[in-house]
Amino acid sequence: MTGSPAEVFSRLSNGVYVVGVAHGSRVNAFTAAWLTQVSFDPLLVALSISPDHASYPLLTASGLFGVSVLGQGQMELARQFGTRSGRELDKLAGVAWRRGSLGAPLLLEAAAWLECRVVGTMPAGDHELIVARVVGGAVREASLAPMAYADTGNLDQSDALYPPAFPT
Ligand SMILES: Cc1cc2nc3c(=O)[nH]c(=O)nc-3n(C[C@H](O)[C@H](O)[C@H](O)COP(=O)(O)O)c2cc1C
C-alpha cells in the first residue's frame, strides 16, 4: 500500500462549481470543488471557502450565493474564476452571466444552477464551512455531463498544500 495525502485525496470525487457572490452593487465569483449536498429536508448544501478570498466578505455580508455547475469541456471557466482573485481583476467581465433571483451571479453557460441562502457557518481549519439552504435551481443543458475535480489536475496548485505524510 502506498499513497501520500495528496495522492489519496485526489481519489475523492468532487464536482467543479463557480460560486457567485454579491453584496449590493459588488459582485465576484470563484471556482470551488468543496461543495456538496448535506440534507434532503430541507435541501442544504455545504461549501468550504477560504476566508482569504475576495469573495468571502461579500458572501458573509449578504448571506447568499449562487452556484454554477461546470460541465465537461468548461476548464477555461474553472481557470478564469479559480486562478486569479477578484482583487486583481473583474473576473466576470467578458463572461456571460446574470444575477439570479437572490442577486448572486450565475454563469449563462453553466450546466445547471443553484441559489442558496446561508443558514450557518463553522470554522474548518484554514477554511470556513458554510451551510446554506437551496432556494432555487435549474438545469440549463441536460446533456452536459458535470466536470470532475480530478480532471482539473493541479489547477488550484493544491499539491503543495498537503502534508507529505499522514499524522501517525
Ligand atoms: C479547481 C479549483 C477548485 C477550487 N476549490 C476551492 C474551494 O472549494 N474552496 C475555496 O475556498 N477555494 C477554492 N479554489 C480556489 C479559489 O477559486 C481561488 O483562490 C480564487 O482565486 C479565489 O477568488 P477570489 O479571491 O476572487 O474570491 C479552487 C480553485 C480551483 C482552480
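I am working with a predicted model, where local features need pLDDT of at least 70, side-chain atom pairs count only at pLDDT 80 or more, and totals for chains, interfaces and linings use all residues. Residues are numbered from 1 along each chain as its sequence is written, and side-chain values use heavy atoms, with hydrogens and water left out.

**Entry 1: the ligand**

I counted a residue as near when one of its heavy atoms lies within 4 Å of the molecule. There are 23 residues around the ligand, and Thr31, Ser55, Ser85, Gly86 and Lys91 come nearest. Sorted by class, I found nine nonpolar, eleven polar and three charged residues in the shell. For this sorting, Ala, Val, Leu, Ile, Met, Phe, Trp, Tyr, Cys and Pro are nonpolar, Asp, Glu, Lys and Arg are charged, and the others, Gly among them, are polar.

Next I looked at single atoms. Histidine 53 has a polar side-chain atom 2.9 Å from a nitrogen atom of the ligand. For alanine 54, a backbone N or O atom lies 2.9 Å from an oxygen atom of the ligand. A polar backbone atom of glycine 86 is 2.6 Å from an oxygen atom of the ligand. The ligand taken alone exposes 650 Å², and the protein buries 91% of that; these areas come from the Shrake-Rupley method with a 1.4 Å probe, and for residues only the protein chains shown count as cover. I also noted the elements that give two or more residues to the shell: strand 2 (26–32), strand 4 (44–49) and helix 3 (75–82).

**Entry 2: buried or exposed?**

My cut-offs here are under 20% relative accessible area for buried, over 50% for exposed, and partly exposed in between (1.4 Å probe, protein chains only). Phenylalanine 65 lies in strand 5 (residues 64–69). Why does phenylalanine 65 count as buried? Because its relative accessibility is 1%.

Serine 143 sits in the segment after strand 9. With 64% relative accessibility, serine 143 counts as exposed. Its side chain makes a polar contact of 2.6 Å with the side chain of glutamate 141. By polar contact I mean a pair of N or O atoms within 3.5 Å; within protein, one must be able to donate a hydrogen and the other to accept it, and residues adjacent in sequence count only if both atoms are side-chain atoms.

Serine 158 is also in the segment after strand 9 (127–139). Serine 158 is buried, at 12% relative accessible area, and its side chain joins that of tyrosine 149 in a polar contact of 3.4 Å.

Most residues other than glycine have a negative phi, and most peptide bonds are trans. I found that glutamine 157 has a positive phi, near 55°. Glutamine 157 is exposed, with a relative accessible area of 59%. The peptide bond from aspartate 41 to proline 42 is cis, with omega near 0°. Proline 42 belongs to the loop between strand 3 (35–39) and strand 4.

Technical notes:
Helices (H or I, at least four residues) and strands (E, at least two) are DSSP runs, numbered from the N terminus.
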